[in-house]
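Biologist: I'd like to learn how to read salt bridges in a model. Could you walk me through some?

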Number of protein chains: 2
Amino acid sequence: LFVFYSTDIDTDKGSLQEEDLHHCVHVLRYKEGDLITVTNGNGLIVSAKISKITKSILYFEVLSFISELPDPIQNAIALSPPKSSDRLEWFVEKATEIGIKQIILFESSRTERSRINVARLQKIAISAMKQSKQSYLPTIVHYEKIATLFQQCTDFQTKLIAFCEMRQSYIQKHIAAGNHIVMIGPEGDFTNEEVDMAKSHGFSPVSLGKTILRTETAGLFAATLLENYKNL
Amino acid sequence: LFVFYSTDIDTDKGSLQEEDLHHCVHVLRYKEGDLITVTNGNGLIVSAKISKITKSILYFEVLSFISELPDPIQNAIALSPPKSSDRLEWFVEKATEIGIKQIILFESSRTERSRINVARLQKIAISAMKQSKQSYLPTIVHYEKIATLFQQCTDFQTKLIAFCEMRQSYIQKHIAAGNHIVMIGPEGDFTNEEVDMAKSHGFSPVSLGKTILRTETAGLFAATLLENYKNL
């Protein structure tokens with residue numbers, strides 16, 4: 001079963017375009033009348049029948065809803081991007097697979113500058129979503145200033161900031177019902193000023209355990225614990 | 001702080017060889033009399049003074065023990081290796097960082113054959129251990145037959161096998177005190193016969209949640225939950 005992705009799904013019809021159109025028609029060689037499965041990236045998955053294929057668009061009729069509810073818990077990981085784009089892309093793939101709904105990239109004072117290509121990361125997330133047969137596509141945003149992150153994250157019930165010096169307060173003890181955001185710092189960690197600023201915006205400093213993890217490993221460690229909680 | 005790795009550490013002296021010698025002397029330009037930190041990969045970390053450098057060996061005196069106890073909990077992940085060596089190497093790096101003590105690679109009936117270079121994986125683990133300033137180096141073994149795995153894993157208190165069809169029995173509920181092993185299958189999952197064979201060897205089938213994870217993601221998801229339990 002292959003799941004296509006489209007932002008155009010109505011109650012009775014919809015369309016595939018661009019890469020999904022290409023993959024469906026030219027790679028998998030689906031034809032008019034064939035059945036496909038399509039998700040909107042936000043919990044909706046439909047079974048559909050291809051009604052018409054043109055050069056630039058594929059139209060389908062919706063036959064039935066396989067699932068239609070957005071996930072009630074929307075967790076976010078805010079990550080100071082590692083310098084290596086491979087490591088960042090790896091994080092986006094894995095966080096998407098395990099079900100994180102929002103990936104926020106931000107620059108902190110010790111972040112090593114690198115070019116962030118959000119469009120490319122979004123493509124990786126779409127591919128990971130399809131690969132893992134999920135119906136959730138995380139939103140990916142990039143804030144150049146850490147202050148912007150604080151302004152934008154008022155909707156989370158639980159706000160945590162991972163800080164290596166915070167030995168006593170283990171992350172698992174802070175995970176509860178509701179939406180979480182966890183901030184993960186750069187190699188070299190957050191500065192004390194950044195942690196203080198986070199605290200003043202309602203973030204609790206937490207530890208990720210005894211070992212020192214790379215940024216992207218720390219991000220996935222936190223993501224796993226957040227999504228794990230939903231399965232309990 | 002850089003941590004060197006050596007299997008030759010005695011109570012009062014030891015040596016660095018090969019890559020660690022090269023890195024210490026030629027990259028970091030340490031000299032006789034300088035202080036270094038060395039781990040044996042099994043919980044021992046010493047502070048030491050370089051006493052003599054020759055072309056093929058660096059001798060040091062042990063000044064003090066920073067930590068000397070092996071981790072009382074030794075968790076293992078048994079993974080049917082993904083075809084992509086990048087994905088396998090990624091798994092080894094991340095599992096080492098978060099503290100898994102044994103990585104077992106095994107071929108199941110749906111494993112896509114690929115060449116497994118254990119020596120190369122061991123190097124990646126050493127590098128990840130140093131990078132994350134840990135003192136544990138996982139052992140890495142490769143079994144061509146799944147039956148060998150069953151024969152060799154009698155020492156674990158909790159034995160789990162991840163199986164996508166096992167919807168009810170979520171992994172977290174099975175994690176307890178003691179040493180765990182979790183078996184992760186290939187793309188396409190274990191066969192029913194393999195799961196039955198595992199059950200007859202004391203393994204409980206468990207679910208990793210609602211989403212379908214790639215092999216290496218599933219391995220790290222399980223590894224995170226096992227190591228998380230130790231921090232509670």
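This is a predicted model: local features need pLDDT of at least 70, side-chain atom pairs count only at pLDDT 80 or more; totals for chains, interfaces and linings use all residues.

Biologist: How many salt bridges does the structure hold over all chains?

Modeller: There are 26 of them, counted over all chains.

Biologist: Which residue forms a salt bridge with A:Glu97?

Modeller: The partner is B:Arg214, with the closest N and O atoms 3.7 Å apart. This pair crosses between chains: A:Glu97 sits in helix H2 of chain A, while B:Arg214 is in the loop between strand E11 and helix H6 of chain B.

Biologist: Are those two buried or exposed?

Modeller: Both A:Glu97 and B:Arg214 are buried.

Biologist: What about a pair inside one chain?

Modeller: Look at B:Glu89 and B:Arg120, where the closest N and O atoms are 2.7 Å apart. B:Glu89 lies in helix H2 of chain B and B:Arg120 in helix H3, so their bridge ties together parts that are 31 residues apart in sequence. B:Glu89 counts as buried because its relative accessibility is 15%, under the 20% cut-off. B:Arg120, at 44%, counts as partly exposed.

Biologist: How many residues apart are B:Glu97 and B:Lys94?

Modeller: They are 3 residues apart in helix H2 of chain B, about one turn of the helix. B:Glu97 counts as buried at 0% relative accessibility, and B:Lys94 counts as buried at 0%.

Biologist: Which residues are linked with them in a network of salt bridges?

Modeller: The network links B:Lys94 and B:Glu97 with B:Glu93, A:Arg87, A:Arg214 and A:Glu216.

How values were computed
Residues are numbered from 1 along each chain as its sequence is written. Chains are lettered from A and ligands numbered from 1 in the order in which they are written. Side-chain values use heavy atoms; hydrogens and water are left out. A salt bridge is a side-chain nitrogen of Lys or Arg within 4 Å of a carboxyl oxygen of Asp or Glu. Helices (H or I, at least four residues) and strands (E, at least two) are DSSP runs, numbered from the N terminus. Buried means under 20% relative accessible area, exposed over 50%, partly exposed in between (1.4 Å probe, protein chains only).
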